[in-house]
Amino acid sequence: RGFDITVSLTALVVLMPILALVAATVWLDDGWPLFFGHKRQGRDGRSFKCWKFRTMEPDSHKKARELAQHNLCDGPQVNIKNDPRITRAGRVLRKINLDELPQFWNVLRGDMSLVGPRPSPDDENQYCPAWRDVRLSVRPGITGLWQLKRTREPGEDFHEWINYGLV
């Protein structure tokens, strides 16, 4: 935990100019809000808001149902090629993972760790009850094995996400 606090606090301070630049980019491209806090489950099933820079239009989750036939993922995740809900700035931020930088705040607060299985929403955890307790027995992380090894192959993404989160 001490390592997480030290690294996340250092990262937030050192990255402050980049955080400000990204915030300005989000605001100039699509206005407010700058951040998106998605309710996730952490260790022992405790709920918290996982913070990211906003990369989609506001209320884009409502449009996901309309676009369901274009979803490339199996399971509850959504991955749509050329997703129309993603803002111009959001495409760039996602490509280079700058949208994830606010999660250092989650690490500092103790909701997340630097390394661990990605935190998942409660409704996604319901898809994998056999594995849910194992995933929720540790603090979720900013990065983990799935981010390094995933293939994004159709019909495999959700299963890879669960399997790599258990390793």
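Q: How much space lies in the largest cavity?

A: Rolling a probe the size of a water molecule over the atoms shows where empty space is left. In this structure, which is a predicted model, about 50 Å³ of space lies in the largest cavity, and the count of cavities of 30 Å³ or more is 1.

Q: Which residues line the largest cavity, and how do they divide by class?

A: The lining is made up of Gln41, Gly42, Pro117, Arg118, Pro119, Ser120, Arg135, Leu136, Val138 and Pro140. Sorted by class, this lining has 5 nonpolar, 3 polar and 2 charged residues.

Q: At what angle do helix α1 and helix α2 pack?

A: Two packed helices are described by the angle between their axes and the distance between the axes. Helix α1, which covers residues 2-14, packs against helix α2, which covers residues 16-30, at an angle of about 60 degrees, and their axes are 4 Å apart. Angles of 65 to 115 degrees count as roughly perpendicular and those under 35 degrees as roughly parallel, and α1 and α2 are therefore oblique to each other. In their contact, Leu12, Val13 and Val14 of α1 meet Met16, Pro17 and Leu19 of α2, and by class these residues are 6 nonpolar, with no polar and no charged ones.

Q: How do α2 and helix α4 cross, and which residues make the contact?

A: The axes of α2 and helix α4, the latter formed by residues 88-95, come within 8 Å and cross at roughly 150 degrees, which makes α2 roughly antiparallel to α4. From α2 the contact takes in Val22, Thr25, Val26 and Asp29, and from α4 it takes in Arg88, Ala89, Gly90 and Leu93. These residues divide into 4 nonpolar, 2 polar and 2 charged.

Q: With which residue does Arg54 form a salt bridge?

A: Side chains of opposite charge can pair when their charged atoms come close. The structure has 6 salt bridges, and one of them joins Arg54 to Asp30, with the closest N and O atoms 2.6 Å apart. This pair links distant parts of the chain, 24 residues apart, since Arg54 sits in the loop between β2 (47-53) and α3 (60-63), while Asp30 belongs to helix α2.

Q: Which residues does a cis peptide bond join, and what is the phi of Asp44?

A: Most residues other than glycine have a negative phi, and most peptide bonds are trans. Here a cis peptide bond joins Trp32 and Pro33, with omega about -10 degrees, and Pro33 lies in the loop between α2 and β1 (35-41). Asp44, a residue other than glycine, has a positive phi, near 60 degrees, and Asp44 is found in the loop between β1 and β2.

Note on methods: Residues are numbered from 1 along each chain as its sequence is written. This is a predicted model: local features need pLDDT of at least 70, side-chain atom pairs count only at pLDDT 80 or more; totals for chains, interfaces and linings use all residues. Side-chain values use heavy atoms; hydrogens and water are left out. On a 1 Å grid over the protein atoms alone, a cavity is a set of points where a 1.4 Å probe fits but cannot get out, and a pocket is an open set with protein on both sides within 12 Å along at least five of seven lines; lining residues have an atom within 4 Å of a point. Grid points are joined across faces, edges and corners, and a volume is the space filled by probe spheres set on the points. Ala, Val, Leu, Ile, Met, Phe, Trp, Tyr, Cys and Pro count as nonpolar, Asp, Glu, Lys and Arg as charged, and the others, Gly among them, as polar. Axes are lines fitted to C-alpha atoms, for helices over the stretch in contact, and angles run from 0 to 180 degrees between N-to-C directions. Helices (H or I, at least four residues) and strands (E, at least two) are DSSP runs, numbered from the N terminus. Angles under 35 degrees count as roughly parallel, over 145 as roughly antiparallel, 65 to 115 as roughly perpendicular and the rest as oblique. Contact means heavy atoms within 4.5 Å. A salt bridge is a side-chain nitrogen of Lys or Arg within 4 Å of a carboxyl oxygen of Asp or Glu.
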